[in-house]
Amino acid sequence: MGREPTCTRSRPLLGVASAVAVLLGALAVHALPALPPRWLDLLLAAFGFGMAWHPRLRLAGGVLLGFAWCALRADIALDARLPRELEGRDFSVVGVVDDLPKRRVDATSFLLRVEHAQLDGRDIALPGVLRLSWYDEVPDHLDACSRWHLQLRLKRPRGLVNRGGFDAERQALERGVVAVGYVRRAESNRRLGEQGWCVNGLRERLAQDIAARVADAHDAALLRAFAIGDTRGLDQDDWEVARANGVPHLIAISGFHVGIAAGFGALLVKLLWWLWPRLGLRIAFPVAQAPAALIVAVLYGMLAGGSLPTLRTLMMIAVVALTHCGRRSASGAHSLALALLAILAFDPLSTVSAGFWLSFVGVAFLLACLQRGRGALGWLRELTLGQLLMTISLLPLTVWFFGEASLVGALSNLIAVPLITFVIVPLCLAGVLALLVAPALATLVLVPAGWVAHGQWWLLERMASWPGAHWYLSEVAPWALLLAMLGAVWMFLPRGVPARGLGALLFLPLLLPDRPPPPEGAFVASVIDVGQGLSVLVRTRSHALLYDAGARYRSEFDLGEAAVLPTLHALGVDALDALVVSHGDNDHAGGALAVARAYPQAQRYAGEPARTEISAAQCREGQRWHWDGVDFRVLGPRAQALGGARLSAGNDRSCVLLVETPAGRLLLSGDVSARIEPAIAEAVGVGAPLVLLVPHHGSRTSSSAAFIAALRPRLAVVSAGWRNRFGHPHPTVVRRYADAGVALEGTAEAGALEIEFARAGPPRLVSRERERRRRHWRE
């Protein structure tokens with residue numbers, strides 16, 4: 001009597017193990033460079049299903065089922081993308097605006113869910129979502145849920161590929177984006193009406209109502225983010241503050257906010273049962289509490305537009321609610337395992353997102369390591385220790401996904417979490433409810449909410465400037481990530497486990513550089529993928545130079561911020577010694593301001609200082625310096641031409657830089673044209689094998705046959721955007737290099753490129769980023 005059967009006690013553990021097995025199978029898919037054929041997916045699924053019924057083979061069967069299901073779903077999603085042979089064509093599409101359109105200075109971006117598509121009058125199957133931009137004059141009535149007939153130029157989802165950079169192609173897979181493009185000018189572009197009732201239409205109206213009632217535009221933007229997940233009013237600086245404090249997950253509606261809403265639903269039932277105890281005679285309190293929490297969470301989640309993080313949290317809440325409604329007791333670990341299985345069954349591709357891992361790993365650590373306290377002191381201890389636990393346990397994953405962590409995040413969250421949980425979100429919920437039921441009362445709630453949000457943001461801005469708010473680490477190796485996660489588990493083992501503090505030592509591999517610096521007399525050149533632009537990082541043993549920094553557009557999208565700086569951080573560049581801006585064109589100079597802010601100590605040179613946004617010394621022929629056995633020599637613009645009208649501005653004023661060792665040379669030529677090339681070739685002269693950054697991205701106005709013959713480069717590299725509107729590199733130029741027997745590489749096809757210039761031996765291409773990080777979702 002009183003002894004629980006072994007099989008009963010082992011069920012929760014078996015459920016957790018089964019969920020982990022399925023997860024490992026899905027994770028294995030994402031390590032593949034290409035997907036297996038569908039017949040193999042179906043065969044593995046059949047084997048896995050059969051093995052799952054055998055007690056000893058159940059876990060292996062779970063791995064096979066997870067692998068087969070994830071691979072099949074990924075194959076279907078990738079197969080739905082626009083066929084490659086149709087890229088760059090104009091389509092006639094009817095669809096519904098599927099989100100809240102984001103209006104910028106130069107364009108409006110939005111998602112369009114396709115209803116019908118045609119190409120040259122023929123129907124085309126294009127199931128899924130398109131990510132679009134509408135330039136020029138955008139109609140004011142481009143609203144959420146509106147239905148349109150549009151002429152679109154489309155291509156497959158393709159992003160920049162750099163060390164430490166954002167993976168747009170992975171995000172496209174996760175969100176079901178089958179093509180990207182822009183709206184063409186056409187008289188046939190017209191609105192066809194509205195979809196009918198649509199949650200995004202409700203969100204649009206609520207966003208306008210909140211903005212009309214809160215005077216301060218930034219306070220209103222924060223409240224829209226908290227209330228309906230509308231982050232369109234937040235700019236890059238706002239997200240910088242959020243990252244510095246480790247609170248991006250608190251800003252817009254996410255799983256965290258949905259969990260808060262569920263808690264308030266449960267609290268509402270508790271209040272009703274306290275006021276009317278007789279209700280307990282009709283229905284048990286736990287049975288009533290669970291569906292109430294789920295209903296409130298679903299309603300609040302709808303205000304977020306049904307984002308993937310929200311759906312994941314709703315599934316977790318639904319699992320807990322069902323166990324309570326069924327009067328079944330389930331441990332926290334068992335409930336988490338059931339939620340994990342439900343999400344993997346519904347959307348196995350969510351395993352590619354950072355939010356999936358951060359949410360599940362964070363909850364798992366809290367369940368395993370945090371003991372519930374009693375009373376006010378216990379609650380305070382739980383809150384404080386919980387924030388410390390989350391900061392430490394999620395630090396390895398944060399660095400893995402984002403390349404940075406916030407050392408002040410624990411303190412920031414300790415302040416922000418209670419304030420948002422118990423003040424801002426409840427006021428926002430009350431404000432939204434008032435807007436729907438009694439609009440006249442909404443101002444009474446939203447204005448105080450704006451005051452609180454304003455004060456909190458003021459404090460976060462101050463904390464964002466503290467030391468350690470931005471802690472950047474070089475690219476993390478998988479083995480270092482696993483050791484750090486093991487160290488986090490070790491540190492938070494129960495009391496009595498000896499030497500728990502030694503778990504911190506397993507975090508040390510995160511600090512190790514991905515690779516050693518070049519030796520004396522050698523250097524490495526990294527051609528960063530900035531699309532249609534140029535940025536090259538040159539690293540010697542103890543110095544670093546950046547040549548150009550990509551573009552910055554009127555929409556505030558900054559390649560210096562989005563591509564160049566993440567690459568520098570991933571490569572472990574803590575100090576930049578020199579920043580050279582070849583000339584004033586935006587595709588070379590636009591991102592320089594972001595780089596200069598991040599590395600203020602760098603010496604700055606420019607071919608056209610008057611056309612750049614940063615203060616820089618004039619780049620002049622004859623300037624030279626020597627770092628770690630490597631020579632740097634400026635070949636242009638020529639001093640006598642700087643004051644002349646002929647070269648008063650433009651491509652031929654580019655700062656041309658030659659980097660050389662006895663074994664190899666690198667020529668960075670900016671955008672110079674063919675009329676300047678003879679002088680450059682004469683200055684380069686004869687020497688060690690040369691690698692050439694192709695002038696002007698391969699424009700036909702550069703790379704003359706005589707220039708190529710004079711330099712005889714061992715390798716030529718083109719930095720250009722994929723399917724760019726200029727047609728770079730021009731086919732004529734590509735033919736010139738081929739005729740001269742010069743190997744030609746391009747960032748558009750290969751992503752970022754890394755070229756090694758050793759002390760002995762010719763230069764060699766050591767890395768194409770698309771090949772190095774080959775994944776099944778990548779083009």
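At what angle do helix H6 and helix H16 pack, and how far apart are their axes? The close-ups below start there, and they all come from a predicted model.

**View 1. Helix H6 against helix H16.** Helix H6 covers residues 217-228 and helix H16 covers residues 409-437; they pack at about 85°, and their axes are 9 Å apart. Since angles from 65 to 115 degrees count as roughly perpendicular, that puts H6 roughly perpendicular to H16. On the H6 side, look for Leu-223, Phe-226 and Ala-227, and on the H16 side for Ile-420, Ile-424, Cys-428 and Val-432. Sort this H6–H16 contact by class and you get 7 nonpolar residues, with no polar and no charged ones.

**View 2. Helix H6 against helix H17.** Here is H6 again, now with helix H17 (residues 442-463): the angle is about 100° and the axes lie 9 Å apart. So H6 and H17, too, are roughly perpendicular to each other. H6 brings His-218, Asp-219, Leu-222, Leu-223 and Phe-226 to the contact, while H17 brings Leu-446, Ala-449, Gly-450, Ala-453, His-454, Gln-456 and Trp-457. What classes of residue make up this contact of H6 with H17? There are 7 nonpolar, 4 polar and 1 charged residues.

**View 3. Gly-246 in its loop.** Zoom in on the loop between helix H7 (236-245) and helix H8 (248-251), and you will find Gly-246. Gly-246 is partly exposed, at 24% relative accessible area. Setting aside residues up to four places away in sequence, Gly-246 touches Ser-406 and Asn-413.

**View 4. A salt bridge between Arg-84 and Glu-779.** Side chains of opposite charge can pair when their charged atoms come close. In this view the side chains of Arg-84 and Glu-779 form a salt bridge, at 3.5 Å from N to O. The pair ties together distant parts of the chain, 695 residues apart. Arg-84 sits in the loop between helix H3 (58-79) and strand S1 (90-97), and Glu-779 in the segment after helix H26 (769-772). Is Glu-779 buried or exposed? Glu-779 is buried, because its relative accessible area is 14% and the cut-off for buried is under 20%.

View 5. The side chains of Arg-764 and Glu-756 meet at 3.2 Å, N to O, in a salt bridge. Arg-764 is partly exposed, at 48% relative accessibility, and Glu-756 is partly exposed as well, with 28%. Arg-773 pairs with Glu-769, their closest N and O atoms being 3.8 Å apart. This time, Arg-773 is buried, with a relative accessible area of 18%, and Glu-769 is buried, with 2%.

**View 6. A salt-bridge network.** Arg-773 and Glu-769 come back here, linked by salt bridges in a network with Arg-163, Glu-475, Arg-515, Arg-539, Glu-754 and Arg-772. The structure as a whole holds 36 salt bridges.

**View 7. The start of the chain.** Over residues 1-9, pLDDT stays under 50, and the model has 1 contact beyond four places in sequence for this stretch. Where pLDDT is low, the predicted coordinates should not be read in detail. For the protein overall, the mean pLDDT is 88, and 92% of the residues reach 70 or more.

Note on methods:
Residues are numbered from 1 along each chain as its sequence is written. This is a predicted model: local features need pLDDT of at least 70, side-chain atom pairs count only at pLDDT 80 or more; totals for chains, interfaces and linings use all residues. Side-chain values use heavy atoms; hydrogens and water are left out. Axes are lines fitted to C-alpha atoms, for helices over the stretch in contact, and angles run from 0 to 180 degrees between N-to-C directions. Helices (H or I, at least four residues) and strands (E, at least two) are DSSP runs, numbered from the N terminus. Angles under 35 degrees count as roughly parallel, over 145 as roughly antiparallel, 65 to 115 as roughly perpendicular and the rest as oblique. Contact means heavy atoms within 4.5 Å. Ala, Val, Leu, Ile, Met, Phe, Trp, Tyr, Cys and Pro count as nonpolar, Asp, Glu, Lys and Arg as charged, and the others, Gly among them, as polar. pLDDT is the predictor's confidence in each residue, from 0 to 100. A salt bridge is a side-chain nitrogen of Lys or Arg within 4 Å of a carboxyl oxygen of Asp or Glu. Buried means under 20% relative accessible area, exposed over 50%, partly exposed in between (1.4 Å probe, protein chains only).
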